[in-house]
Amino acid sequence: LWNLSSKRVVPLETNLKDPTFLAWSKTGPQLAIGTAKGSLLIYNKVRRQKIPIVGKHSKRISCGAWSQGGNKLVLGSDDRTLTISNENGDTLLHTELKHIPLQSLFTNNKSSAQFSSSSSDDNTVSANLNG
């Protein structure tokens, strides 16, 4: 990891083999790392805590993104599933797909935002299934 203030590389030992996905939270201190075997590691840079989650998916984690609020993580996998997790890696939603997702992200559903007092983008997930 690059430390901007010291302008030095700070090593982060994860003991993960074959990382396939990497994303920093947009607002929080979390880094999500997915692997070819479907495992996930969430690193909290403030607490210097690593949360390993073995078997989040049964195959390679191919894509994902943090929500704008930074407290939800969507992951897509070659096992044709999509999961939404909280910042600690707890699964909030698990759904099967017809195709392997190539890209996934949280989006703002403008039509539902008109009728909701919340302007959060955490309510809608989009996935490119290339199907």
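The side chain of Ser77 makes a polar contact with the side chain of Asp79 at 2.9 Å, where a polar contact is a pair of N or O atoms within 3.5 Å, one able to donate a hydrogen and the other to accept it within protein, and residues adjacent in sequence count only if both atoms are side-chain atoms. This is a predicted model, in which local features need pLDDT of at least 70 and side-chain atom pairs count only at pLDDT 80 or more, while totals for chains, interfaces and linings use all residues. Residues are numbered from 1 along each chain as its sequence is written, and side-chain values use heavy atoms, with hydrogens and water left out.

**Overall architecture**
- From the N terminus on, the order of elements is β-β-β-β-β-β-β-β-β-β-β-α-β.
- Of the 131 residues in the protein, 36% are buried, buried meaning under 20% relative accessible area, exposed over 50% and partly exposed in between, with a 1.4 Å probe and protein chains only.
- Among contacts (heavy atoms within 4.5 Å) with a separation of 6 or more, 35% are between residues 24 or more positions apart.

**Surroundings of Ser77**
- Ser77 lies in strand E8 and counts as buried because its relative accessible area is 0%.
- Leaving aside residues up to four places away in sequence, Ser77 touches His57, Lys59, Arg60, Ile61, Ser62, Ile100 and Pro101.

**Nonpolar cores**
- The largest nonpolar core has eleven residues, among them Phe21, Ile51, Trp66 and Leu75; such a core is a set of buried Ala, Val, Leu, Ile, Met, Phe, Trp, Tyr and Cys residues joined through side-chain atoms within 4.5 Å.
- At least two residues of this core come from each of strands E3 (19-24), E5 (40-44), E6 (49-53), E7 (61-66) and E8 (72-77).
- A second, separate core of five residues includes Ala65, Val74, Leu82 and Phe106.
- Ile51 touches Leu40, Leu41, Ile42 and Asn88, not counting residues up to four places away in sequence.

**Nonpolar surface**
- Leu1, which lies in the segment before strand E1 (2-3), counts as partly exposed because its relative accessibility is 34%.
- Leu1, Val10 and Trp24 form a nonpolar patch on the surface, together having about 240 Å² of accessible area.
- The protein exposes about 8,100 Å², of which carbon and sulfur atoms supply 49%, with accessible areas taken from the Shrake-Rupley method with a 1.4 Å probe and, for residues, only the protein chains shown counting as cover.
- Patches are made of residues with over 30% relative accessible area and no salt bridge, nonpolar side chains (Val, Leu, Ile, Met, Phe, Trp, Tyr) being joined within 5 Å and like charges within 9 Å; a salt bridge is a side-chain nitrogen of Lys or Arg within 4 Å of a carboxyl oxygen of Asp or Glu.

Note on methods: Helices (H or I, at least four residues) and strands (E, at least two) are DSSP runs, numbered from the N terminus.
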